[in-house]
Amino acid sequence: MTERPGHAMELAAQAALNEVDCVVAVGGDGTIYEVVNGLMKSKVEKLPSLAVIPSGTANVFALEHRLPWAVSEAWNAIEGGKTRLIDLIEVKEGAGAWEDQENIRYVAQLAGAGFDAASLKLVSWGLKKKVGKLAYWIAGFRALIGKHPRLICEWEEKKIACECALVGNGRFYGGEHILFPNANTEDGLLDVTFFPKLNFSALFRIFLRFCTGGNLCLKDSYTFQTRHVSMQGENCSFQLEGEWAGNLPVSFRIASKRLPIIVPNSPDKG
């Protein structure tokens, strides 16, 4: 059992140094974030495989890889599953060089900057325990009242201004809701979806699509793929796996096929 924030990172790093074959994380995307960073920061030559028994609010990683929900089924899948190498998102805060490995963080599924990250600060964790994902939407509509952040995304000599930008290493956001329609966890590319302006009308349209299973990306032109993207903006924050993580500037780049994970032994990834 973890005892405090960051403890899962320490346990995972020690497990890797102990040369275990597999680390099983029981939790949601936040727990997976800590375990992944512990494994990566151990700097061992051969990483243990990561297996997951889902037990969180959104469980985006579990949905992406079609992991079973029941503990017994999840454990059977772990014992009889197969190992797949997936990409990771490397995260560098500030303007320092990528060579400074101590300050690099790793994300398995999702990061974001701007409105999305700002609204996370308004989430009531007591309300989250009662109503789950609805607490995030309540915080989002509350954030509409305040001053909206503005940020600049730069990639491959291109640049766009927006109020929110999300970086994905998979298709889903906030559950089994597609935000990155072209994403693949093994293609060596980041998927970025942005929203130029988030007013009540835009957020309501996203909310309706969220409820009906529609694509959350409002236009095809609002998403692109790249291997590296940087973001900057004054008084603008970013989040990693649904947790507030700091202020811009921040850069993201893909780390191709860096993490071995255990997935159910099915012929089709989906």
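Begin by selecting the buried residues of helix α2, which are D29, I32, Y33, E34, V35, V36, N37, G38, L39 and M40. Buried here means under 20% relative accessible area, exposed means over 50%, and partly exposed lies in between, with a 1.4 Å probe and protein chains only. The model is predicted: local features need pLDDT of at least 70, side-chain atom pairs count only at pLDDT 80 or more, and totals for chains, interfaces and linings use all residues. Residues are numbered from 1 along each chain as its sequence is written, and side-chain values use heavy atoms, with hydrogens and water left out.

**Helix α2**

Now widen the selection to residues 29-41, the whole of α2. Helices (H or I, at least four residues) and strands (E, at least two) are DSSP runs, numbered from the N terminus. Ten of the 13 residues of α2 are buried, and the helix is thus mostly covered. From its first C-alpha to its last, α2 reaches 18 Å, close to the 18 Å expected at 1.5 Å a residue; the expected span is 1.5 Å times one less than the number of residues. After the helix comes K43, whose phi is positive, near 60°.

**Salt bridges**

The structure holds nine salt bridges. The term denotes a side-chain nitrogen of Lys or Arg within 4 Å of a carboxyl oxygen of Asp or Glu.

Select R171 and E64, whose side chains meet in a salt bridge at 3.2 Å, N to O. R171 lies in the loop between β8 (164-168) and β9 (190-195) and E64 lies in helix α3 (residues 60-64), so this pair ties together parts that are 107 residues apart in sequence. R171 counts as buried because its relative accessibility is 18%. E64 is also buried, at 2% relative accessibility.

Next, select E163 and K197, which form a salt bridge with their closest N and O atoms 3.7 Å apart. This pair links distant parts of the chain, 34 residues apart: E163 is in the loop between β7 (158-162) and β8, and K197 is in the loop between β9 and α8 (200-212). Are E163 and K197 buried or exposed? E163 counts as buried, at 4% relative accessibility, whereas K197 counts as exposed, at 55%. Elsewhere, salt bridges that share partners join E3, R4 and E10 into one network.

E3 counts as exposed, with 65% relative accessibility, and R4 counts as partly exposed, with 39%.

**Aromatic rings**

Turn now to the rings of Phe, Tyr and Trp (for Trp, its six-membered ring), which pair if their centres lie within 6.5 Å; planes under 30 degrees apart count as stacked, over 60 as edge-to-face and the rest as tilted. By this rule there are four aromatic pairs.

Select F194 and Y222, a tilted pair with 5.4 Å from centre to centre and 40° between the planes. F194 lies in strand β9 and Y222 in the loop between α8 and β10 (223-226), and the pair links these distant parts of the chain, 28 residues apart. F194 is buried, with a relative accessible area of 8%, and Y222 counts as buried at 18% relative accessibility.

Move on to F200 and F204, a stacked pair with 6.1 Å from centre to centre and 5° between the planes. These two residues are four apart in helix α8 and therefore separated by about one helical turn. F200 counts as exposed, at 54% relative accessibility, and F204 as partly exposed, at 37%.

To see a cluster linked by ring pairs, select W155, F194, Y222 and F224. Then select K92, which lies over the face of W98 at 5.6 Å from the ring centre. A charge sits over a ring if NZ of Lys or CZ of Arg is within 6 Å of the ring centre and within 35 degrees of the ring normal.

**The open sheet**

Finally, display the strands in the order β10-β9-β8-β5-β12-β13: these six form an open sheet with antiparallel pairing. β10 and β13 (243-247) stand at the edges with a single partner strand each, so one side of each is left without a neighbour in the sheet. Neighbouring strands of the sheet are turned by 25° against each other on average, direction ignored. Axes are lines fitted to C-alpha atoms, for helices over the stretch in contact, and angles run from 0 to 180 degrees between N-to-C directions.

Within the sheet, select strand β5 (residues 110-114) and β8, which pair in the antiparallel sense over five bridges. Two strands pair if DSSP finds at least two bridges between them. The tour ends at A111, which stands opposite V167 in β8.
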